[in-house]
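Biologist: I am new to this structure and would like a guided look at its helices. Could we go through it together?

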Amino acid sequence: MSLRATLDFLLYDWLDVVALTRRKRFADHGRETFDSVLDTCERIAREKFAPFNRLADLEEPHFDGQQVHLPRATHEAARAYVESGMLAAAQDYEIGGMQLPCVVEMAANSFFSMASVSLGAYAMLTSGNASLLMAHGTPMQKAVFARNEFAGRWFGTMCLSEPQAGSSLSDIATRAQPDGADFQADPLGPRYRLRGHKMWISGGDHEITENIIHLVLAKIPGPDGKLIPGVKGISLFIVPKRLVDTEGRLTGERNDVALAGLNHKCGYRGTTNTLLNFGEGRFPVRGGPGAIGYLVGEPGRGLACMFHMMNEARIGVGLGATMLGYAGFLASLDYARQRPQGRPVGPAGKDPSSPPVPIIEHADVKRMLLAQKAYCEGALALELYCARLVDEQYTGEDEAAQEARLLLEVLTPIAKSWPSQWCLEANSLAMQVLGGYGYTRDFPVEQYWRDNRLNMIHEGTHGIQALDLLGRKVLMEDGRGLQLLAQRIEASIALAAAQPAVAPLASSLARALQELVEATRKAWAGAQPDEALANATPYLQAFGHVVLAWMWLELAHRAWACRDRLPPEFVEGKLAAARYFFRYELPCIDAWLSVVAHRNRTCLDLSPQAL
């Protein structure tokens, strides 16, 4: 079955996105609108992205000392995406948007992520950058910066990490000092001069658009000239590569932002990844060194603002990981159907005189394909479910909106990390299905694996997401988010228990949920934080498996309920993938939760010298 058939099932049969059109914001839309958007994005991805995925991998960005060079195909893909209107798809009509539901926007973007995730990264970053400014910027910042980004005239980045700090944002050293006595009077926002270095900045330099809008985390020195320790001292700034006026016109002045070098990664090569120097004086501006930046929000509240983009990016990373896994699954499925090798074993053993069969006939190959299907289609369901929660948060009734907000808080670490690990495993299995050919550049699966390997680190490592989940998300608001999630899962279990085709899965999930909740309680029962959090990553893995089992229970239940109008093989595939996940994957949580519940100290007590 195609990706489109799966998307149609998820959107219309499971999530019932057409029901959203009864809300004022989406009243102009219907299924015809949604189908048209999906059709358009599928076509653009097929024509402008997929054919050049390998080219973008082979012809890496290079810097000649003056500018970054990218293949012409990268520029054309970006232009096609901009012209489709998808950069502002979910935004208001007044700023050129389509007021599409977030869930439909994400489904449409899945085509681009599958066709070439690195070519699509520029747009994902730009959309997140502009969305942050719409939430936290001044009216002038929205009009000048966000609107030009949504129009595709400028692209955007997020600048967090630094060479010496990595993921430890409390240790960033980039400084922002008021630019003159009138710094508060600038119409674009309080004006500062930034000095520092930012590392791993995707899309940090290119010539695709006439300007690049950097969102930069930096610290404003205190009265003593020293930086405030910790995250409370972090502020957020708009730092354009080229300065602009209040009408959004380029002034002709280059800001003091310099490309120090390109990072060359094992995958995601079509996206520039940069080390940027701010304020080193290479491009003096308005009489001196220091990159000009405009404060977003309140001083010291930069990280809170940046989380708006970071959380959106985390779900975007999860979608990218999912679709890379999905691309590998479809490639290996096609190969397995065509590759003849081996003979089936009958009562008398193998008959060497019989012709070889396609490898898809072998049980172990079916296992590897079914695992990929379970990982990728389950992850896609999770990402779209989270997008549907975004729509509920912003357009639902008060109680439903608050519940959606809490569920998103709990599910975001899973939506980012689970696909990053298990859809990478799907890529590994795809390579295994192809055998020796899987490791060659003659087939695309090795590139999918290389591209996907980055996502385990992108937007926060597994360990960071795990600490966030166990150390904060399941505890926040007196554990209300976890309670709410458990209630949703229990409601699904109750519905499925009445359906014989999926009732055994329902009872398995009930036991797994109980085990997860109990392990959460024991992890924090009288424990010191370091002891409770020592096994946060196994907790994240178990939590994710329970959530994905819930997704598969929902999908299997819905597929069976719609069996009279869905193709029989489609229904069979959904039920088989669900059964696989419950029988092969869900039992893994026992070992993971055991170390959590017992607060195992093996890793905590290990002396670094012993390694």
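Biologist: Where is Ser332 found?

Modeller: Ser332 is found in helix α8, residues 302–338; helices (H or I, at least four residues) and strands (E, at least two) are DSSP runs, numbered from the N terminus. This is a predicted model, in which local features need pLDDT of at least 70 and side-chain atom pairs count only at pLDDT 80 or more, while totals for chains, interfaces and linings use all residues. Residues are numbered from 1 along each chain as its sequence is written, and side-chain values use heavy atoms, with hydrogens and water left out.

Biologist: Is Ser332 buried or exposed?

Modeller: Ser332 counts as buried, because its relative accessibility is 0%. Buried means under 20% relative accessible area, exposed over 50%, and partly exposed in between (1.4 Å probe, protein chains only).

Biologist: Which residues does Ser332 touch?

Modeller: Not counting residues up to four places away in sequence, Ser332 touches Leu369, Gln372, Ala430, Val433 and Leu434. Contact means heavy atoms within 4.5 Å.

Biologist: And where does Leu369 lie?

Modeller: Leu369 lies in helix α9 and counts as buried at 5% relative accessibility. Leaving aside neighbours within four places in sequence, Leu369 is in contact with Phe329, Ser332, Leu333, Ala336, Ile360 and Val433.

Biologist: At what angle do the axes of α8 and α9 cross?

Modeller: The axes of α8 and α9 (residues 363–395) cross at roughly 150 degrees and come within 9 Å. Axes are lines fitted to C-alpha atoms, for helices over the stretch in contact, and angles run from 0 to 180 degrees between N-to-C directions. α8 and α9 are therefore roughly antiparallel to each other; angles under 35 degrees count as roughly parallel, over 145 as roughly antiparallel, 65 to 115 as roughly perpendicular and the rest as oblique.

Biologist: How does the contact of α8 with α9 divide by class?

Modeller: The contact of α8 with α9 has 14 nonpolar, seven polar and three charged residues. Ala, Val, Leu, Ile, Met, Phe, Trp, Tyr, Cys and Pro count as nonpolar, Asp, Glu, Lys and Arg as charged, and the others, Gly among them, as polar.

Biologist: Changing topic, what about α14 and α16, and how do they pack?

Modeller: α14 and α16 have axes 10 Å apart and pack at an angle of about 155 degrees, so they are roughly antiparallel to each other. Residues making the contact include Leu505, Leu509 and Leu516 of α14, and Phe543, Val546 and Trp550 of α16. The residues of this contact divide into twelve nonpolar, one polar and no charged.

Biologist: What covers the buried residues of α13?

Modeller: The cover includes α10 (398–434), α12 (462–473), α14 (503–523) and α16 (536–561). Among the buried residues of α13 are Met476, Leu482, Leu485 and Ile489.

Biologist: What is the phi of Asp478?

Modeller: Asp478 has a phi near 60 degrees, a positive value in a residue other than glycine. Asp478 lies in helix α13 and counts as exposed at 75% relative accessibility.

Biologist: And Trp200, where is it found?

Modeller: Trp200 is found in strand β5 (residues 191–202). Trp200 has a positive phi of about 65 degrees although it is not a glycine, and it is partly exposed, with a relative accessible area of 47%.
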